[in-house]
Amino acid sequence: MTHENPESRMARVHATHAAPLLRFLLSLTRNERHTAEDLVQETMVRAWQHLDALPVEEENARRWLFTVARRIAIDAARMRQVRPAEVSLLEAIDLATEDQTTNNALANHSMQEAFTALTDSHRTILAELYLRGASADEAAARLGVPVGTVKSRAYYALRSLRSALDEAA
């Protein structure tokens, strides 16, 4: 069994340990199945990457996998605590309207309508630059477009927003 090829060994490890790992991770994630499945997948990726460190004996392999899975689950939980909740621009505008004067609420509504009227590419560029705080270079890399395209789209998106807001006023 020690001369088993890596693909066969990994297939056997997955077949033997994936279901118990999923049950274990479901208990750690408060039965969030999608999260638990992602953690099982990440555990199996780590096992594949460190197949030489994975013990050959089944019981020791299971202990190793459960330890890795627990550490991955802890890291994932910590990341969720540190990372702020994602909010779309439209949700942010909706949140901003709470407890504001009527004039501010109307201005926010106009902004929301103007933003909604933008093309998808213009909304995406503005979200990258102004909500996420990305530089033009970062936005270009993330979106897979040239920096000049980011700058051009930002210019035209802001121009469209100004125009729509001027009409609403």
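Me: Helices (H or I, at least four residues) and strands (E, at least two) are DSSP runs here, numbered from the N terminus. How many helices and strands are there in the protein?

Reply: The protein has 8 helices and 0 strands. Along the sequence, the pattern reads α-α-α-α-α-α-α-α.

Me: And where does the model come from?

Reply: This is a predicted model, where local features need pLDDT of at least 70, side-chain atom pairs count only at pLDDT 80 or more, and totals for chains, interfaces and linings use all residues. Residues are numbered from 1 along each chain as its sequence is written, and side-chain values use heavy atoms, with hydrogens and water left out.

Me: What share of the residues counts as buried?

Reply: 28% of the 169 residues. Buried means under 20% relative accessible area, exposed over 50%, and partly exposed in between, with a 1.4 Å probe and protein chains only.

Me: What about contacts between residues 24 or more positions apart?

Reply: They make up 53% of the contacts in the protein with a separation of 6 or more. Contact means heavy atoms within 4.5 Å.

Me: Start with H2. How far apart are its end C-alpha atoms?

Reply: They are 24 Å apart. Helix H2 covers residues 33–49, which is 17 residues. The expected span is 1.5 Å times one less than the number of residues. For H2 that should give 24 Å, so the two agree.

Me: Which residues of H2 are buried?

Reply: Thr-35, Ala-36, Leu-39, Val-40, Thr-43, Met-44 and Ala-47.

Me: What covers them?

Reply: The cover includes helix H1 (6–28) and helix H3 (58–82).

Me: How do H1 and H3 pack?

Reply: They pack at an angle of about 40 degrees, with axes 10 Å apart. That makes H1 oblique to H3. Angles under 35 degrees count as roughly parallel, over 145 as roughly antiparallel, 65 to 115 as roughly perpendicular and the rest as oblique.

Me: How are those axes and angles defined?

Reply: Axes are lines fitted to C-alpha atoms, for helices over the stretch in contact. Angles run from 0 to 180 degrees between N-to-C directions.

Me: Is the crossing of H1 and H3 left-handed or right-handed?

Reply: Right-handed. A crossing gets that label if the near helix is turned clockwise from the far one by less than a right angle, and left-handed if anticlockwise.

Me: Which residues of H1 and H3 meet?

Reply: On the H1 side, Arg-12, Val-13, Thr-16, His-17, Pro-20, Leu-21, Phe-24, Leu-25 and Leu-28. They meet Glu-58, Ala-61, Arg-62, Leu-65, Phe-66, Ala-69, Arg-70 and Ala-73 in H3. By class, the contact of H1 with H3 has 11 nonpolar, 2 polar and 4 charged residues.

Me: Which residue types go in each class?

Reply: Ala, Val, Leu, Ile, Met, Phe, Trp, Tyr, Cys and Pro are nonpolar. Asp, Glu, Lys and Arg are charged. The others, Gly among them, are polar.

Me: His-17 is on that list. Is it buried or exposed?

Reply: His-17 is buried, at a relative accessible area of 1%. Not counting residues up to four places away in sequence, His-17 touches Met-44, Glu-58, Ala-61, Arg-62 and Leu-65.

Me: Next, the loop between H1 and H2. What is phi of Arg-30 and of Asn-31?

Reply: Arg-30 has phi near 55 degrees, a positive value in a residue other than glycine. Phi of Asn-31 is near 65 degrees, again positive in a residue other than glycine.

Me: Are they buried or exposed?

Reply: Arg-30 is exposed, at 76% relative accessibility. Asn-31 is exposed as well, at 61%.

Me: Switch to H6 and H7. At what angle do they cross?

Reply: Roughly 130 degrees, and their axes come within 9 Å. H6 and H7 are therefore oblique to each other. H6 passes H7 in a right-handed crossing. Thr-124, Ile-125, Glu-128 and Leu-129 of H6 make the contact with Ala-136, Ala-139, Arg-142 and Leu-143 of H7. The residues of that contact divide into 5 nonpolar, 1 polar and 2 charged.

Me: Last one, H5. What does Ser-110 contact, leaving aside neighbours within four places in sequence?

Reply: Leu-165 and Ala-168. Ser-110 and Leu-165 are 55 residues apart in sequence and 6.5 Å apart in space, C-alpha to C-alpha.

Me: And Gln-112, buried or exposed?

Reply: Gln-112 is buried, at a relative accessible area of 19%. Gln-112 lies in helix H5, residues 102–117. Its C-alpha atom is separated from that of Leu-165 by 9.9 Å.
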